[in-house]
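The sequence and structure come first, and the description follows.

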Amino acid sequence: VSGGVADLKLSPRMAQIIRVFLEDPLKERYGFDLMHATGLPSGTVYPALAKLQAAGWLTVGREDIDPRVEGRPARRFYRISAAVVPTARWQLAELSARYRPPAVVAPRLAGEGGAL
Amino acid sequence: VISLLMMCPAGAFAFVVAMLLQAGSDLVSEEIRGWLEVVPGAILRMAAMHLPSGQRLEIYREVWLPDLLFITRKAEGRPITKFVTGTKYSLAMLRTARRQARDLRRAQRRELAVAAVAPQPLGLTGIQVGTALPCADDPDLFFAESPDELEEAKSICHGCPVKGTCLAGAIDRREPWGVWGGQLFLRGEPV
């Protein structure tokens, strides 16, 4: 209920998105860039962004362009909150540890150890 | 109409195109132009029709449409690539629109549930600002599919200090779905 930053547990998809932000925490990212960078479809990226924003992980702003000059409306951009960067890095590390395949066990030679 | 469509495939095609162009006519803007944008634009409007009415226009105009128009006007690539990318973008939105809408309603419910309850204007005394309401623990329950769960949600509303205000607000906003103030809403009205 407190809604604190640490309350959010990253899903693997959110983690993919947050990873892009961590490459350059100061950089503004746009919805389409994130779809491009993660390979996730629009319908997945927006809900994840909304959740991250609601949890205080991301802040939003408006692209600084003149719509008349560019011939298109300004987009919404997202930036990672500075306060969340350590938590984000830690959660990514934890997730990657969880998905890392176990160490390869050397195949047991027939007759070795005598158990089987 | 159906039999006419079966007899005439060209008519059927024209009918589908007309339906596409009609979809979400309140969202049509002069910003959509050219063959690159008409089809993805129409699909995106159809997707937006699923969004909660209170947030529809803002999300469509501030987030979805600018991103689509960036794809069709600014992103690198040949026109056909832009058309395909834009159409894919819109189709993915259409596929997930219902889920996105549900997420938005849940978030709204969560916000309401932990909202600062201002005692004076609501005529509620003895409630502290920022009181977490009983529905805050499990907002999803209030949008459940099964009748049993919906009844359970209603019973949680019973005894809630802002039940009446919550119900009045839901009627005002014409909440399309979910339990609000102890009543189940469907298509903007309490059932």
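## Salt bridges between the chains

A salt bridge here is a side-chain nitrogen of Lys or Arg within 4 Å of a carboxyl oxygen of Asp or Glu. The model is predicted. In it, the side chains of R62(A) and E62(B) form such a bridge, with an N to O distance of 3.1 Å. Between chain B and chain A, the count is 4 salt bridges.

Polar contacts also cross the interface of chain B and chain A: 6 residue pairs are found, with both residues of each pair at pLDDT 80 or more.

## The interface

Chain B contributes 25 residues to the contact and chain A contributes 19 residues. Together, chain B and chain A bury about 1,900 Å², and 60% of this lies on carbon and sulfur atoms.

Across the interface of chain B and chain A there are 6 residue pairs in polar contact. On the side of chain B that touches chain A, α4 (53-73) and α5 (79-113) of chain B each supply at least two residues. The largest share of that side comes from α4(B), with 10 residues. Sorted by class, the side of chain B that touches chain A holds 12 nonpolar, 3 polar and 10 charged residues.

## The sheet of chain B

Chain B has an open sheet of 3 strands in the order β1-β2-β3, and the pairing is antiparallel. β1 (177-180) and β3 (189-190) of chain B are at the edges; each has a single partner strand, so one side of each has no neighbour in the sheet.

Strand β2 (residues 183-186) of chain B pairs with β3(B) in the antiparallel sense over 2 bridges. In this part of the sheet, L186(B) is opposite E189(B) of β3(B). Helix α7 (residues 147-157) of chain B packs on the sheet and touches β1 and β2 of chain B. The direction of α7(B) makes about 35° with that of β1(B).

## The sheet of chain A

Chain A also has an open sheet of 3 strands with antiparallel pairing, and the order is β1-β3-β2. Its edge strands are β1 (29-30) and β2 (58-62) of chain A, each of which pairs on one side only.

β2(A) and strand β3 (residues 76-80) of chain A are paired in the antiparallel sense over 5 bridges. Within the sheet, L58(A) lies opposite I80(A) of β3(A).

Conventions:
Residues numbered from 1 in each chain as written. Chains lettered and ligands numbered in written order. Predicted model: local features only at pLDDT ≥ 70, side-chain atom pairs only at ≥ 80, totals over all residues. Heavy atoms only, no water. Contact = heavy atoms within 4.5 Å. Buried area = accessible area lost by both parts, 1.4 Å probe. Polar contact = N/O pair within 3.5 Å; in protein donor to acceptor, adjacent residues only side chain to side chain. Helix = DSSP H or I, 4+ residues; strand = E, 2+ residues; numbered from the N terminus. Nonpolar A, V, L, I, M, F, W, Y, C, P; charged D, E, K, R; others polar. Pairing = 2+ DSSP bridges. Axes fitted to C-alpha atoms, helices over the stretch in contact; angles between N-to-C directions.
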